[in-house]
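Student: I have a structure open and I'd like to learn how to read it. Could you take me through it feature by feature?

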Amino acid sequence: MSQSNRNDLPLSGGLKEKEIPALEIRRISFKHIIVALMLSVLFFLLFCFVSLHGYIAWVLSNPTVAPIYSNPKLSKNLEYEDIVFPAADGSRVMHGWYIPAADSNQTIVFSHGYGANREETWIPMYDLAHYAHRLNFNVVMFDYGFAAQNSKEVATGGKKEAQQLLGAIQFAKQRGSQEIIVWGFSMGAGTALQAALTSKDIDGMILDSTFLLEPDTMYHNIRQHIDLPRHPSLEIIGMLLPVLNGTSLRQIPYPEVKSKDYPFPIYFIHGTEDEKAPYPIAEKLAENQTNPASGAWIVEGSHHELIFREHPKEYLRIVSTFLSRVGQSQHEGRTQDQPAEKDTD
């Protein structure tokens, strides 16, 4: 009877064998949940990281530009014409102003910076246009595509803008100009250097606070606002820029610009406290130039595009001296090109 009772009782070993697999399943499921949560958090952080870079690339491509609030007549009592001309590659129509000078075949084409229009009020551009006109230069002021009042387009760091600047230069030439000076500011100065790689119609350039879009300068500007790692931030933004504005950094000829000795005189103006375009870049660009009329003015303590405001008299004196040197070299060049008169004695 004792044996029968023992056989009817459930075995304790059998109970454990049924409970252990269930516990293991619970442990495995809990581990899967933890791994899934960790992966979800990781992918979310990665998405946020990439999205942040996408936002930066979008902001770089779509600068906020204030509307035009005045004109040369209202600001400086200068007579002007509203002008329309095509970009050199025919990609779009450009709008601007032409301020004629009496019986002058010299023209200054202003090349405004990123995030600005032809007025560029913080320089202020009207004061410089007025000064150029007093020196008997015709003046062309125009908006780049990213600053257009209508049919606005993305900023491309000089790829499209160089063609638009070349269109302004062609306009000045069609108006009879025999001496064309490009006066550029910030990215407008960097755009001028790109345009000059393919143009033979530029006789001189004044470049204030030159900004050339390249990886080092771009990262320098990003670090002013947010502390991101250099790598992979540059690689991510480099991949996103072509998606957002159709332009890869490889399409901007910054290596060629940084090593180019241009055939015409260039004067670089830059401040040591420039937080957007480090001044050693301007120093290196100036060192490459062998034209005797080229030069540089590196201003201790001055800031990005504020040098005229900070040192107006010296700024205008240096510009005037440079323009007279360009005019003299142009006159000497035309004299040398003229055939010698025959001796009739």
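This is a predicted model: local features need pLDDT of at least 70, side-chain atom pairs count only at pLDDT 80 or more; totals for chains, interfaces and linings use all residues.

Tutor: Let's start with a salt bridge, meaning a side-chain nitrogen of Lys or Arg within 4 Å of a carboxyl oxygen of Asp or Glu. Here the side chains of Arg230 and Asp216 meet in one, at 2.4 Å, N to O. Residues are numbered from 1 along each chain as its sequence is written, and side-chain values use heavy atoms, leaving out hydrogens and water.

Student: Are Arg230 and Asp216 buried, exposed or partly exposed?

Tutor: Buried means under 20% relative accessible area, exposed means over 50%, and partly exposed is in between, using a 1.4 Å probe and protein chains only. Arg230 has 32% relative accessibility, so it counts as partly exposed. Asp216 is partly exposed too, at 43%.

Student: How many salt bridges does a search of the whole structure find?

Tutor: The search turns up 10. One of them joins Glu81 and Arg175, again side chain to side chain, at 2.9 Å from N to O. That pair links distant parts of the chain, with Glu81 in strand β1 and Arg175 in the loop between α5 and β5, 94 residues apart. Glu81 is partly exposed at 31%, and Arg175 is partly exposed at 40%.

Student: You keep saying α and β. How many helices and strands does the chain have?

Tutor: Helices (H or I, at least four residues) and strands (E, at least two) are DSSP runs, numbered from the N terminus. This chain has 12 helices and eight strands.

Student: In what order do the strands of the sheet come?

Tutor: Strands of a sheet pair through backbone hydrogen bonds, either parallel or antiparallel. We call two strands paired if DSSP finds at least two bridges between them. Here, an open sheet of eight strands runs β1-β2-β4-β3-β5-β6-β7-β8, with mixed pairing. β1 (81-86) and β8 (295-299) are at the edges with a single partner strand each, so one side of each has no neighbour in the sheet.

Student: How do β1 and β2 pair?

Tutor: β1 pairs with β2 (residues 93-99) in the antiparallel sense, over six bridges. For example, Phe85 has Met94 in β2 as its bridge partner. The hairpin of β1 and β2 has six residues between the strands, and Gly90 there takes a positive phi near 70°.

Student: Which strands does α5 lie across?

Tutor: For angles, axes are lines fitted to C-alpha atoms, for helices over the stretch in contact, and angles run from 0 to 180 degrees between N-to-C directions. α5 lies across β1, β2, β3 (106-111), β4 (138-142) and β5 (179-185), running at about 120° to β1.

Student: Can we zoom in on one residue of that helix? Is Gln164 buried or exposed?

Tutor: Gln164, which lies in α5 (residues 159-174), is buried, at 0% relative accessibility. Contact means heavy atoms within 4.5 Å. Not counting residues up to four places away in sequence, Gln164 touches Phe85, Ala87, Arg92, Met94, Phe142, Tyr144, Gly145 and Glu153. Remember Asp143 too: Gln164 and Asp143 are 21 residues apart in sequence and 9.0 Å apart in space, C-alpha to C-alpha.

Student: What share of the chain do buried residues make up?

Tutor: They make up 46% of the 345 residues. As for contacts between residues at least 6 apart in sequence, 73% join residues at least 24 apart.
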